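Here are my notes on the model, in the order I'd read it. Have the structure open next to you as you go.

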Amino acid sequence: MKCKKCGGRAVLELRRHNTAFCAEDFLGFFRRHTLETIRRWKMLTRDEPVLVAVSGGKDSLALWDVLLTEGYNTAGLYLDLGIFDYSRASKAKCLDFAVERDARLIIVSVQDAVGAAVPRVRDATRRPTCSACGLSKRYLLNRAALENGFPVVATGHNLDDEAATLLGSTLRWDESSLARQTPVLEATHPKLVRRVKPLFRLSERETAAYAFLRGIDYIVEECPFSRGATSITHKEILNRLEDASPGSKAAFFLGYLDRARHLFHARESVTLLECVRCGQATTGEVCAFCKLSDQVRRAVGLPGEATDQPTDPAALRGLISDLTAASEIHAP
Ligand code: AMP
Ligand code: ZN
């Protein structure tokens, strides 16, 4: 197979684009694609400092690599979730990446911010691990960006992530997640920064190829808590569709952005206030993160701010719906 650009030996076939590239031309294709996404969706301007949320995985490190190569003003932000060896190894990948490129990496620890690491948060709240973790990620990424003067956070979500999230929301007809899912979430409040996903049109296979060809050392293991998650089943199903009919994932997700999202978005309206405790944006009086952190601090015996929040099952159900409301403001 030959590279469609230079006629040299191709290393990667992209069936959905009906093309194939040699290593060098694939890297060029990947960078151009990312820059085109940033431009077309008005994600970043050239002079805007951008905080790249890096997990140590291929997608976010590939994104940081493209932005650094293209001369954007960036820093990385690694959130240490305290998930045993998985967190130790992923933090080391981010640190090595940053040191090799002389780039700035900010590290925020969930243990310090919430009062306990993610596994303990799960035990303390009995909430599904991924929802407490997702809430903490959204809140702490936003807060770190505000504190360090970044108007925008970029994450490494790829086409497979977005199509799988969309499939999950569609299967449940979850109207508010359908309204919220977007590659650019504008800052709708002074305490929220813009969130962008510059890789959302590139597939997981393409980000893996980019990371490999650039020699990026990334963590291959998934988070141990994500095992058995329905999003993995959704990804497998979408891969089967893609195999049978290349371009299905892109048609599904891009078609939703073009033709369906506005129908759901038009019906959404939330009024944002400032949390009386931490000042961050919230729909209630005390934000979901402060409530979570109180609950965790009480469970692990740390001093925390006193709230009138009871812990009986009915009240916990209330907390969970608050947390859901908060995640509606800043979707993953
Ligand atoms: P995931 O939800 O693990 O698929 O991650 C989606 C995106 O969220 C990644 O591409 C990163 O940009 C960001 N992210 C995930 N985990 C972390 C972390 N521990 N620290 C910083 N950013 C993260
Ligand atoms: Zn708060």
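1. Two definitions before the sheet. Two strands pair if DSSP finds at least two bridges between them; helices (H or I, at least four residues) and strands (E, at least two) are DSSP runs, numbered from the N terminus. With that in hand, strand β6 (residues 152-154) and strand β8 (residues 194-196) run parallel and are joined by three bridges; V153 has R195 in β8 as its bridge partner.

2. A word on the ground rules. This is a predicted model, where local features need pLDDT of at least 70, side-chain atom pairs count only at pLDDT 80 or more, and totals for chains, interfaces and linings use all residues. Residues are numbered from 1 along each chain as its sequence is written, chains are lettered from A and ligands numbered from 1 in the order in which they are written, and side-chain values use heavy atoms, with hydrogens and water left out.

3. Now the whole sheet. It is open, with six strands in the order β5-β4-β3-β6-β8-β7 and mixed pairing. β5 and β7 (184-185) sit at the edges with a single partner strand each, so one side of each has no neighbour in the sheet. As background, strands of a sheet pair through backbone hydrogen bonds, either parallel or antiparallel.

4. Follow β4 next. Strand β3 (residues 50-53) runs parallel to β4, with four bridges between them, and V52 has G76 in β4 as its bridge partner. β4 also runs parallel to strand β5 (residues 105-109), this time through five bridges; D80 is partnered by S109 in β5.

5. β3, helix α2 (residues 58-69) and β4 form a right-handed β-α-β unit, and so do β4, helix α3 (residues 84-101) and β5. Right-handed here means that, with the strands pointing away from the viewer, the path from the first strand over the helix to the second runs clockwise.

6. Finally, which residues surround ligand 1? They are A53, V54, S55, S60, L77, Y78, L79, L81, K137, T155, G156 and H157, each with a heavy atom within 4 Å of the ligand. Strand β4 (residues 74-80) gives the largest share of this shell, three residues.

7. An oxygen atom of ligand 1 lies 2.6 Å from a backbone N or O atom of A53, and a nitrogen atom of ligand 1 is 2.9 Å from a polar backbone atom of L79.

Definitions and conventions:
Polar contact = N/O pair within 3.5 Å; in protein donor to acceptor, adjacent residues only side chain to side chain.
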